[in-house]
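Thanks for coming. I have one structure to go through today, and I will keep to what can be read from the atoms.

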Amino acid sequence: MRRRGVVLLCAVLAVLGLVAGPASAVDPPPNSEPYTAPIDQPLPLGQCYRDIKHGYYAKNVYGACWFSDMQFVHYACPEPECAVDGSAAAYVYTTLNVLKESRQVAVAHRFVNWRISGVPDSARLGVTISCGPAAGGGGVCDRPSVPVVKSIAEWKVAPDVTEVFSLDGVDAPAAGVSPEVAAELRTEYRVTARFAAEVPAGERYTLTEATAGTGVRCDVARQADPAYVRGADCVLRTWYRPWFDFSAGEAAIAEPGAFVRAVAPAGYLPGFPGVNGTSAGFTGPQYRLFYDVAARQAHRAAAEAKCLSSWGPDWWRHAGGLTNACAAYPFDESVQGAAPGVQFQVRPVLDTQQAEFLRRFTRFLAENHVLDGDGYYVYPLP
């Protein structure tokens, strides 16, 4: 399986435009070079903040957090007409991080900034963390429900608590997927936390109903082929799509960077997430195409045919006796790549710079665990 994955990776790099025209382009460096990947940048509680627009903050495909203002209200008696005799509130930060090279997630909570009136420090408040399959799925967690409840006094002394969950089990493959995708054993889970209070039976109280957490998807793709995807065996991809951002002005990728920066935000080609996170120019994601080698080859052929028709038979010649490659957008390794009857753009660019650009793009896909069919965005910077 590993050897097959390496062969597929080489095919990807070939059809993405690393060979252009009659001359041979420079092969990109291996996809395993060391660098700081998203999985090496977990989201600590200290970086969690209140995102008013979204209600959560996602650092990358491996880490996200939520902020809640927990409100506990106690009543003098159980009857509806009874008056409030005490209240307690706290700011609660929750992080969910996928653990490196594993099928585990860590859920951490921080209870701070307590505001108390009429409630003793012995009152026990906290959360209940739930971990289980998505609706109808076959996923299994080693601990389906974990209460994390302490007295207010204990929270004040030790405000942080972390619980780790191991995810197992397998979902049935979705209908119509390829054998290669089915072999990845993609399985979805729900990991959530709800506020909890330990109150004597018969006493009346109310507690904030906010729920923190999200869906998690796990697979065996990294174990089968580390050149395809890396990092961990789980991601927060049920709702988060990573961004391939780069500086178009960087010398090593100047020509392909300028090309993508010119066409990606134009508002009619897929892959642009919008200007500064707004809907302006939003065109929806591109979707990775990995296993269908014939489709990627067809994208490459269509792109080079357009380079030929637009710039003539010498399109591959670069100034100074150098060689061009035919850069295409959307990328060849996307479902929306170049094809007759669809919108796409091409431009001859220096082949060595295109090789470097595609090396970075392939690394982005691997390190962000973008599987075949997963969406991603392209966000060029100056």
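Predicted model: local features only at pLDDT ≥ 70, side-chain atom pairs only at ≥ 80, totals over all residues.

Residues are numbered from 1 along each chain as its sequence is written, and side-chain values use heavy atoms, with hydrogens and water left out.

The overall make-up, then. The protein chain has seven helices and 18 strands; helices (H or I, at least four residues) and strands (E, at least two) are DSSP runs, numbered from the N terminus. Of the 382 residues in the chain, 52% are buried. Buried means under 20% relative accessible area, exposed means over 50%, and partly exposed is in between, with a 1.4 Å probe and protein chains only. The chain exposes about 16,600 Å², and carbon and sulfur atoms supply 56% of that area. Those areas come from the Shrake-Rupley method with a 1.4 Å probe; for residues, only the protein chains shown count as cover. As for contacts, meaning heavy atoms within 4.5 Å, take those in the chain with a separation of 6 or more: residues 24 or more positions apart account for 71% of them.

Now the disulfides. How many are there? With a disulfide taken as a pair of cysteine sulfur atoms within 2.5 Å, the count is five. Counting bonded cysteines along the chain, the pattern is 1-2, 3-4, 5-6, 7-8, 9-10.

One joins cysteine 131 to cysteine 141, at 2.0 Å from S to S. The torsion about its S-S bond is about -60°, so this disulfide is left-handed. The pair links distant parts of the chain, with cysteine 131 in strand S5 (residues 124–133) and cysteine 141 in strand S6 (residues 139–141), ten residues apart. Cysteine 131 is buried at a relative accessible area of 5%, and cysteine 141 is buried at 8%.

Another is formed by cysteine 218 and cysteine 234, with their sulfur atoms 2.0 Å apart. This link has 100° about the S-S bond and is right-handed. Cysteine 218 lies in strand S11 (residues 211–218) and cysteine 234 in strand S12 (residues 234–235), so the bond ties together parts 16 residues apart in sequence. Both cysteine 218 and cysteine 234 are buried.

Cysteine 307 and cysteine 326 are both buried.

On to the rings. A pair of aromatic rings is described by the distance of the centres and the angle of the planes. Rings of Phe, Tyr and Trp (its six-membered ring) pair if their centres lie within 6.5 Å; planes under 30 degrees apart count as stacked, over 60 as edge-to-face and the rest as tilted. A search of the whole structure finds 25 such pairs.

In one of them, the rings of tryptophan 243 and tyrosine 379 have centres 4.9 Å apart and planes at 40°, so the pair is tilted. It links tryptophan 243 in strand S13 (residues 243–247) with tyrosine 379 in strand S18 (residues 375–381), 136 residues apart. Is each residue buried or exposed? Tryptophan 243 is partly exposed, at 33% relative accessible area, whereas tyrosine 379 is buried, at 14%.

Tyrosine 379 also pairs with phenylalanine 272: the centres are 5.7 Å apart and the planes at 15°, so this pair is stacked. Phenylalanine 272 is in the loop between helix H5 (254–263) and strand S14 (286–287), 107 residues from tyrosine 379. Both phenylalanine 272 and tyrosine 379 are buried.

Elsewhere, ring pairs link Phe244, Phe246, Tyr329, Phe331, Phe357, Phe361, Phe364 and Tyr376 into a cluster.

Finally, histidine 369, in the loop between helix H7 (351–367) and S18. Histidine 369 has 0% relative accessibility and so counts as buried. Leaving aside neighbours within four places in sequence, its contacts include Tyr62, Arg217, Asp219, Arg222, Asp233 and Asp374.
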